[in-house]
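Visitor: Please take me through one chain of this model, closely, and then through its contact with its partner.
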Amino acid sequence: MAALLSPVAPGGQARTAPTPSGRSGWLARHWPFLLIVPALLVLLAVFVYPVAQTFVSAFTTPNPGMENFSWFFGSSANVAVLTRTFSTALWSTLICLALAYPYAYLMTVASPRARAALLLIVMLPFWTSLMVRTFAWLVLLQDTGVINGFLGLFGVGPFGLVRSQVGVLVGMVQILMPFMVLPLYSVMSGIDRRLLTAAQSLGARPIVALARIFVPLSLPGVAAGSTMVFITSLGFYVTPALLGSPSEALISQFMYTQVSGMLMWGRGGAMAVVLFATTLLLMGLLGLAMRAGRRRKVGAR
Amino acid sequence: MSARLARVALWATGVLVAAWLVAPTLVVIPLSFTDKVSLTFPPTGWSTRWYANFFSDSAWMMALANSLLVGVLVAVVATVLGTAAAFGLSRWASRRGAAVANVFLLAPMIVPGIIVAIGVYAVFLKLQLAGSLAGFVAAHTVLALPFVVTSVTAALGTFDVRLETAAASLGAGRLATFRQVTLPLIMPGVVSGALFAFVTSFDEVVVSLFIQSPTLVTLPVQMYSSVTRETDPTLAAAATMILVLTTVLVTGGLALSARRNRAR
């Protein structure tokens with residue numbers, strides 16, 4: 001956090017300057033730093049300063065104090081926005097996990113060619129335009145769209161898929177799937193499958209061997225993927241704004257209306273603080289969990 | 001028997017996920033050739049009228065021109081800044097300093113876009129940069145930098161530093177070594193970074209929605225506002241062109257990265 005907010009690149013001059021030979025010695029050792037400076041300056045001006053200023057405005061605009069936070073947490077409608085954002089993030093995480101786990105497992109057992117195809121399928125949408133995908137979902141999910149048409153063949157529907165939480169989840173899961181599949185796959189492909197054979201030779205049924213050997217070993221991938229998906233989904237704007245119902249706004253949409261429409265900078269800032277603090281907290285927890293997991297593994301050896 | 005059942009279930013999930021991921025994108029292409037005025041899928045008749053409509057509509061053409069201009073400028077600026085930074089990171093003797101600077105450079109990927117958007121909007125309003133070309137280029141450059149840094153850092157990771165030592169021992173200065181030895185060898189990484197930077201800018205919506213002005217609208221912003229207003233298949237034509245352009249560029253970028261890995 002300090003690294004993100006502090007206006008100077010930490011460690012730049014202060015920490016790494018114990019060269020006794022003075023200026024030319026510093027340059028001989030640290031000339032590469034000068035190559036990083038232009039990029040850091042641009043980041044400072046167009047990223048760090050604006051973001052820091054947004055956080056500060058939460059406590060200062062229009063008046064110094066916590067009024068923006070008491071406004072936000074004081075109204076049940078606002079808290080409902082926050083709860084809805086979290087529940088949407090949770091649902092997308094769960095759906096992604098339920099689908100990505102077998103998909104990543106399939107990648108580890110498939111032939112090299114099928115594996116390459118499965119990987120390509122995950123990567124391609126990763127890089128296709130967000131607007132294009134959201135527009136496509138709008139077409140597919142509309143009342144007269146393909147999905148309702150298909151359901152109609154079985155005599156169900158039509159459902160109001162667009163302008164609803166279902167539409168938001170369908171769109172978000174598609175966008176977030178790579179963030180779940182890739183960490184899962186990278187962990188699963190490192191699991192020694194001979195352990196499963198060993199368990200089965202000792203009499204465990206395949207399903208038991210899978211549940212007691214493979215699943216526990218894949219948990220770091222589950223943790224990393226879930227955190228990535230959850231965090232990313234908290235900040236979604238375009239998908240919920242276009243596929244969701246205006247009366248069920250998520251926090252990003254709420255921030256947009258407060259700032260762009262009403263110019264309530266302080267309120268936008270307060271929500272930015274809440275959103276960012278949550279993100280950092282979750283990333284910190286993931287980091288701790290990973291470290292604990294690694295230590296346990298080392299200890300077991 | 002149950003093993004076969006499990007296998008079928010596994011592949012069924014795989015197919016479902018693959019369809020979920022790929023199908024929506026593919027729907028857009030046939031839709032853009034529909035002869036109907038509505039976005040009904042599948043189309044019943046074919047025409048290219050929506051492309052004609054796109055290219056004769058000044059709003060869409062302006063948006064396309066703006067997006068291309070901003071994208072190219074962002075690709076140039078972000079690639080120069082990002083390549084220099086990645087090279088500096090890989091050569092900086094202070095590993096701790098380099099690690100901190102690296103986190104810093106990748107931070108725009110982690111902070112939710114809406115937070116960046118609000119902050120940039122506030123600062124740009126004050127500096128009267130909102131809606132300006134310089135403003136768009138600056139904002140998109142920051143978002144594109146992490147991709148360039150990652151891509152060039154990966155290329156430098158497979159680069160044999162002894163080649164630089166060899167060049168230096170033959171009397172080449174630092175700049176000459178970089179230009180004649182290092183840069184040509186990391187070029188695939190630099191080019192794929194530039195492609196990703198262009199695509200990042202070309203596809204950016206959230207920050208652009210805030211800093212747009214009536215005189216400067218980019219293609220995704222134009223799409224966003226027409227999606228909320230009308231259901232005109234011109235949108236599908238625009239989407240198809242964006243799709244083709246970004247897919248070609250990204251595939252190019254990925255192919256360059258793959259070649260780099262094989263060369264190793």
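Guide: Helices (H or I, at least four residues) and strands (E, at least two) are DSSP runs, numbered from the N terminus. With that in hand, take residues 180-199 of chain B: the span is 100% helix and 0% strand. Its end C-alpha atoms lie 28 Å apart.

This is a predicted model, where local features need pLDDT of at least 70, side-chain atom pairs count only at pLDDT 80 or more, and totals for chains, interfaces and linings use all residues. Residues are numbered from 1 along each chain as its sequence is written, while chains are lettered from A and ligands numbered from 1 in the order in which they are written.

The UniProt annotation "transmembrane region", from an unreviewed entry, covers residues 180-199 of chain B. The entry also marks 58-87, 99-124, 136-159 and 235-256. UniProt positions follow the numbering used here, feature names are shortened, and annotations may be inferred rather than shown by experiment. Residues 99-124 of chain B are 92% helix and 0% strand, with end C-alpha atoms 30 Å apart.

Of its 264 residues, 48% count as buried (20 or more other C-beta atoms within 10 Å of the residue's own, C-beta atoms being placed from the backbone).

Last, the partner. The contact (C-beta atoms, placed from the backbone, within 7 Å) takes 70 residues from chain A and 70 residues from chain B. On the chain A side, helix 2 (residues 23-60) gives the most, with 18 residues.

Technical notes
A residue is buried if 20 or more other C-beta atoms lie within 10 Å of its own, exposed if 12 or fewer, and partly exposed in between; C-beta atoms are placed from the backbone. Two residues are in contact if their C-beta atoms, placed from the backbone, lie within 7 Å.
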